[in-house]
Amino acid sequence: MASTEAPAPRPPAESQDLAGLEAGLDALDSVQIKRTPFTQVLLHKVLPPVLAVLLVVAVWKVLVLAGVTDDYKLPDPSAVWDSLTELWVQGTLLDIIWTSVSRGLLGFLAALAIGTPLGLLVARVRFVRAALGPILSGLQSLPSVAWVPAAVIWLGITDSAMYAVILLGAVPSIANGLVSGIDHVPPLYLRAGRTMGATGARGAWHILLPAALPGYIAGLKQGWAFSWRSLMAAELIASSPDLGLGLGQFLENARTDSDMPGVLLGIILILFVGIAIDLIVFSPLERRVLRVRGLAAAGGR
Amino acid sequence: MSPALTTDKAGPAEVADDAPAAVRIDHVHKSFGRPGAAQPVLDDITLSVRPGEFVCLLGASGCGKSTLLNLVAGLDRPTAGTIEVPGGRPALMFQEHALFPWLTAGRNVELALRLRGVPRAARRPEAERLLELVRLGGAYGKRVHELSGGMRQRVALARALAQDSRLLLMDEPFAALDAITRDVLHHELTRIWSETRLSVLFVTHNVREAVRLAERVVLLSSRPGRVAREWAVDIPQPRRIEDAAVADLSVEITEELRKEIRRHGQH
């Protein structure tokens, strides 16, 4: 403090002054995150799709009342509802749904276990990428229904054939999602990681994989959609009494019985399950990952 | 009139004392491109930073100052010459905060501790202490996107300090901040540097920032980068960017920088 240099040491008040300035800057620039109130969610997220469904049913009812076509081609919405309650009363509704959902989820998990290491290899090993990258992208645009005849010849009309079709549909999506997730990791993160000593496997675990997570989850979402689609195609084409009754078989049975309410119910149930799994599993997961990173607004406004 | 002592040496300073340097850059060359058609970026750089010294590397665009920092950080290898960092892997701060958005502010600091091998139980208190040091005691659970630009750079500084390296490399860390925030961060950096006695190698193109912060300012020429001249800054800390002494020396250094830049227009 006893310095004889030209500018005298500043009083400690200045340090306090700067601390105050700093606190002001922090308060001014920080982003305030507000949660959307529940009623807002109800009003802006739940109400519009419910209204849309009601509108579709109303149009349907009007078409039936106007008698645009024969009753066996376009049954009354209430007939479809009756098929639904009938299934419920028989106690088979949940069994049918569960047969398909359990196949779909099990197949999806297997696709996850295969697609993830495959995606890592393609993303990180140049030779593997050159060899498999184009094939994986190509497979994505091949409708997995095309695999059903081959799977049936190889494996017969069995659960294995179903799983084979699911895998061929979902593995490329999951692997490609991870590859694009890794490709889009900002190089700055990798450089920062390396200066902190995160190289090799530690770098992959602490930096590369978490950074690639948004792309990976987008791949999972698409992988699920492909799993479900492939499974329904396989169940429709390769239906056999030996297999448990799933939604695809239910739909196919309704067709052979010329049971149009049953056919419509089958379509609606397949759509419903696909949407429900996405809403229950994948959308919350994706939203959470994006929100944590500040990549998505907290509420839909 | 200027209180700064100017060493009028045109060449690189020789390392006189035998004390181990925090970093010793010895006749380093760096070129990019194919052999034969290689573009030299750094040409015969010799520079040392003493333990506890704050050195600013100053230069116009294309002088290779970021390249030099990458070499010291071990992210790239010199074409010729040697770089010794006796204290082990240096910490590096970028112009962008480079914080990981999937972790909270506190977890970002903890990751550096974890990669350094700090046991789990000790990580949280140490991360809190480091955030306290950059005056962000309450920010442990904050997400990166919830923080302002200045706060992000302070978390990045805390994370760099968590590496417990004796050498801190800074690559224009405050260039993207507004003037008042930058001023506050200059103050914080000076305070932390004087508390920790770290060696700092700070790259900037801002002459006043260099004079505000450094004990020694090294001017690099451009294309290829060479050490053009250096100044010892003998103005006592804490300085302010608007101090007359800072301004006087800045004018002198800016004049040299202009000369360096003008040379490129002549051929």
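The chat below goes through a predicted model of a complex with chains A and B.

Colleague: Before I look at details, what ipTM and pTM does the predictor give the complex?
Modeller: The complex gets an ipTM of 0.82 and a pTM of 0.78 from the predictor.

Colleague: And what is the mean pLDDT of each chain, A and B?
Modeller: Chain A averages a pLDDT of 85, with 91% of the residues scoring at least 70, while the mean for chain B is 83, and 91% of its residues reach 70 or more. Over residues 1–16 of chain B the pLDDT is below 50, although this stretch has 29 contacts in the model beyond near neighbours in sequence.

Colleague: Where in chain A does pLDDT stay under 50?
Modeller: That happens over residues 1–9 of chain A, for which the model has 10 contacts beyond four places in sequence. Where pLDDT is low, the predicted coordinates should not be read in detail.

Colleague: Which helices of chain A have the lowest and the highest confidence?
Modeller: Confidence in chain A is lowest in helix α1 (residues 13–29), with a mean of 73, and highest in helix α4 (residues 93–124), at 92.

Colleague: Switching to annotation, which residues of chain A does UniProt mark as "transmembrane region"?
Modeller: The unreviewed UniProt entry places that feature at residues 46–68, 104–123, 135–155, 161–182, 203–220 and 263–285 of chain A. Two of these stretches can be set against the model: residues 161–182 of chain A are 100% helix and 0% strand, with end C-alpha atoms 32 Å apart, and residues 263–285 of chain A are likewise 100% helix and 0% strand, with end C-alpha atoms 33 Å apart.

Colleague: Where does the record put "domain: ABC transmembrane type-1"?
Modeller: UniProt, again in an unreviewed entry, places it at residues 97–281 of chain A. In the model, residues 97–281 of chain A are 84% helix and 0% strand, and the end C-alpha atoms are 17 Å apart.

Colleague: Now helix α8 of chain A; which of its residues are buried?
Modeller: In α8(A), which runs over residues 187–195, the buried residues are Tyr189(A), Ala192(A), Gly193(A) and Thr195(A). They lie on the same side of α8(A), because they cover an arc of only 165° around the axis.

Colleague: What covers those buried residues of α8(A)?
Modeller: The cover includes α9 of chain A, together with α1 (65–73) and β5 (91–93) of chain B. Just after α8(A) comes Gly197(A), which takes a positive phi of about 95°.

Colleague: Let me pick one residue, His206(A); where is it found, and what is it in contact with?
Modeller: His206(A) is found in helix α9 of chain A, residues 200–237. Leaving aside neighbours within four places in sequence, His206(A) is in contact with Gly193(A), Ala198(A) and Leu111(B).

Colleague: Why does His206(A) count as partly exposed?
Modeller: The reason is that His206(A) has 19 C-beta neighbours inside 10 Å, whereas a buried residue needs 20 or more.

Colleague: Over to chain B: how far apart are the end C-alpha atoms of α3(B)?
Modeller: They are 21 Å apart, which agrees with the 20 Å that the 14 residues of α3(B), residues 120–133, should span at 1.5 Å a residue. The buried residues of α3(B) are Arg123(B), Ala127(B), Leu130(B) and Leu131(B), and they sit on the same side of α3(B), because their arc around the axis is only 95°.

Colleague: What covers them, and what does the face turned away carry?
Modeller: The cover of the buried residues of α3(B) includes α2 (105–116) and α4 (149–162) of chain B, while the face turned away from the buried side carries the exposed residues Ala121(B), Ala122(B) and Pro125(B).

Colleague: Last one, which residues touch the most other members of the largest nonpolar core?
Modeller: Leu58(B), Leu201(B) and Val217(B) do, in a core of 135 residues. Leaving aside neighbours within four places in sequence, the contacts of Leu201(B) include Val23(B), Val49(B), Leu69(B) and Leu167(B).

Note on methods:
Residues numbered from 1 in each chain as written. Chains lettered and ligands numbered in written order. Predicted model: local features only at pLDDT ≥ 70, side-chain atom pairs only at ≥ 80, totals over all residues. Helix = DSSP H or I, 4+ residues; strand = E, 2+ residues; numbered from the N terminus. Buried ≥ 20, exposed ≤ 12 C-beta atoms within 10 Å, placed from the backbone. Contact = placed C-beta atoms within 7 Å. UniProt positions renumbered as here; feature names shortened; annotations may be inferred. Core = buried A, V, L, I, M, F, W, Y, C linked by C-beta atoms within 7 Å. Expected span 1.5 Å × (residues − 1). Arc of directions from axis to C-beta. pLDDT = per-residue confidence, 0-100.
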